[in-house]
Amino acid sequence: MGELEQQQPGLDWEYAPAPESRAIVQLRDRYGLFVGGESVEPVSGEWFTTASPATEEALAEVAQAGPEDVDRAVGAARDAFTSWSRLRPAERSKYLFRIARILQERSRELAVAESLDGGKPIKESRDVDLPLAAAHFFYHAGWADKLEYAFPNRSPRPLGVAAQIIPWNFPLLMLAWKLAPALACGNTVVLKPAETTPLSALLFAEVCRQAELPAGVVNIVTGDGVTGAALVQHEGIDKLAFTGSTEVGKQIQRELAGRQVPLTLELGGKAANIVFDDAALDQAVEGIVNGIYFNQGHVCCAGSRLLAQESIVEPLVGKLKRRLSTLRVGDPLDKNTDIGAINSKAQLDKITELVASGESEGAELFQPACELPERGYWFPPTVFTNVAQSYRIAQEEIFGPVLSVMTFRTPAEAVEKANNTAYGLSAGVWTEKGSRILWMAEQLRAGVVWANTFNRFDPASPFGGYKESGFGREGGRHGLESYLRFDG
Amino acid sequence: MTQTPTVVREFEPFTPRLGRVGAVDAVALEARAAELAKRSIKKASKLAALELVVRMIDLTTLEGADTPGKVAALCAKAMRPDPVDLSVPHVAAVCVYPNLIEPARERLGSSPVRIAAVATGFPSGQYPVALRVADARAAAELGADEIDMVIDRGAFLSGRYAEVYDQIVRVREAVGDAHLKVILETGELGTYDNVRRASFLAMAAGADFIKTSTGKINPAATLPVTLCMLEAIRDVHLETGRAVGMKPAGGIRQSKQAIQHLCMLNETLGREWLTPERFRFGASSLLNDVLMQIRTQKTGAYESPDHFTVD
């Protein structure tokens, strides 16, 4: 009877490391370009190294495509276009289904490669990136032979050769977002993955071969911004799709001025996560955490501004800080890791600089005690309180695990503050009141408004921005439109 | 019936608090519970967790067919769960009907294993209040260390919250020093909002533990329901400093489920709750599965269920 009153301290329980095996990925020492269905050496003769941001260990050498290489890739895509665009749509659909199934079959391997090369936690690449990438191919496989029904009486036709440039935050998923609709609509593609994360795209080249996709339908050119610029400037492209920073997006738009190349841009964001006083607070905290710390905050639609109703800001921030101390930062391949490595040295420097500016402008910084590994690029989950709308951390996209907390008093003020940004990609609304959700969704100038959730994606739901977050939509029926011309 | 219910000191009267209980979003709660269930617990951390699970078990038999002989066997198992491996600790308590308190005491003697008795018209609670209170008082007088009472779901679901509250206060007074666990029977409450409201109500009325289920209704202890109650416990602790315990009961049969509950507990309430003083599993068949897993962790091989006693 006495034992229970002794108030023994609870068990000091540490989770033992639970690493996912690396052995499932067989990386080659060198990867050439994927042009015309073959892996080819770059004409440029140049190579660069891709490394793991978690350990700084070199993973493989990758070709740096020069203008001639880009020219060859566009040529291969052009050659393949005639037969691919004339293929019976139901046959195109079969290829996409096949790719989707191979992605599912090889999902563990691709998830490990993604985490190795990009630094994101394995639970995220395993549970989010890979399932969504496969879902995009499945979804668009279904559209391939139904385009006439998607756009009745408008005679949809493919555009030709689509040039696609994707970012490093969701390498394989962004590849899927770009490739699946382009191929479903009958286009051929030259895709340039980001410089720091080329591996999953190069493994995807193997998937294309395994699916026996006709040579030249998908071409992959790796390299840095120079490669990207060569692709944008190439006379042979019929379409350009870019996901990345607003700065580069503007350069691309300037470059394409006066040319007959339709453009879609998916750029930066500074989304507001708006929490009203009647919201389910513990679940709102989960949504805030998911909104800004998911993928180390390397998410264009990240909820990087928390707008909390003043009457609940104290309990809300209290719960949030408490929750942050349970986040596990470390080895991306450990199945229990919540926050992985920052993608590159350059990105880490940018985050560090902006966080320093927040401190010097007068915001109050909170970071939970957490041990960061010595090697690699790491940043602890960070919350700024006492943030004024005019601070840089409230205005600029940080693209890291850094949240700025601001308050509002009325729904109208929440809308005003949320919309007071150059961006307009996404927003979150937390309230138990259905009518308020609908009213807010009408008022907010954002491409996606999530209600009582955040960072939810589905291939059937169009995604894209207002203002400097870009134009054009990806996903859903709207996403197809960017890869078609209409004769009717 | 003339006595005014006393309110636990740290709390203001319950009714004005109702508006501040707060809401629960079902979709997000279930997503969070599913996410926590994916923690991968290996090696030393798994063994430590399994031994803690044993120490947290309220080994339960609640059948019309229970006899002194059956309860004696249960008590023997509770004191020494694995006769082959004496390093396995004893369980926290045995949980029985009031008529079996005496045979249990006889068998347990001075063992640290405690006796929990269900009372207050278990499992339905659909009896006159006076009888329910008398039931609890009798169980305490028969020597139960802990009383597992049920709330009046009929009153709760018809919105008579104050009545539910007053009843718990009266039971609290009737059982004296005995540890009071309040069973919400979450499977009958219908929504997580109700679970949260009932949790606050029970804690405000003086519960030492809140408990999910009687084990007679499905669903019983699911991960999201436990998470919802843990969050209510955390909020009360942050606001008042009072630490209330949690007991999921019913439906937890496998070690894996128990470890998932512990991960949720660890990341919601933290180390201070990783103790049988503040967390229990109401279970019967769970124990043998945990014993089997402990053996596996120690020897590296699975043994047949026939190597573990069926009591």
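How far apart do the C-alpha centres of domain 1 of chain A and domain 2 of chain A lie? In this predicted model, the two centres are 29 Å apart. Domain 1 of chain A covers 22–267 + 468–486 and domain 2 covers 272–458, the bounds being taken from an automatic or database domain assignment. Residues are numbered from 1 along each chain as its sequence is written, and chains are lettered from A, with ligands numbered from 1, in the order in which they are written. Because the model is predicted, local features need pLDDT of at least 70 and side-chain atom pairs count only at pLDDT 80 or more, while totals for chains, interfaces and linings use all residues.

Between the domains of chain A, 21 residues of domain 1 are in contact with 25 residues of domain 2; contact requires C-beta atoms, placed from the backbone, within 7 Å. On the domain 1 side, helix H3 (107–118) and helix H4 (122–143) of chain A are the elements that give two or more residues. Helices (H or I, at least four residues) are DSSP runs, numbered from the N terminus. H4(A) provides the largest share of this side, four residues. By class, the domain 1 side comprises seven nonpolar, seven polar and seven charged residues; Ala, Val, Leu, Ile, Met, Phe, Trp, Tyr, Cys and Pro count as nonpolar, Asp, Glu, Lys and Arg as charged, and the others, Gly among them, as polar.

Helix H10 of chain A (residues 281–293) has 13 residues and reaches 18 Å from its first C-alpha to its last, close to the 18 Å expected at 1.5 Å a residue, where the expected span is 1.5 Å times one less than the number of residues. H10(A) is largely enclosed by the rest of the structure, because 13 of its 13 residues are buried (20 or more other C-beta atoms within 10 Å of a residue's own, with C-beta atoms placed from the backbone). Just after H10(A), Asn295(A) adopts a positive phi of about 55°.

The contact between the chains takes 31 residues from chain B and 27 residues from chain A. On the chain B side, helix H2 (26–36), helix H3 (43–56) and helix H11 (255–268) each supply at least two residues. H3(B) gives the most, with six residues. The chain B side has 13 nonpolar, five polar and 13 charged residues.

Terms used:
Contact = placed C-beta atoms within 7 Å. Buried ≥ 20, exposed ≤ 12 C-beta atoms within 10 Å, placed from the backbone.
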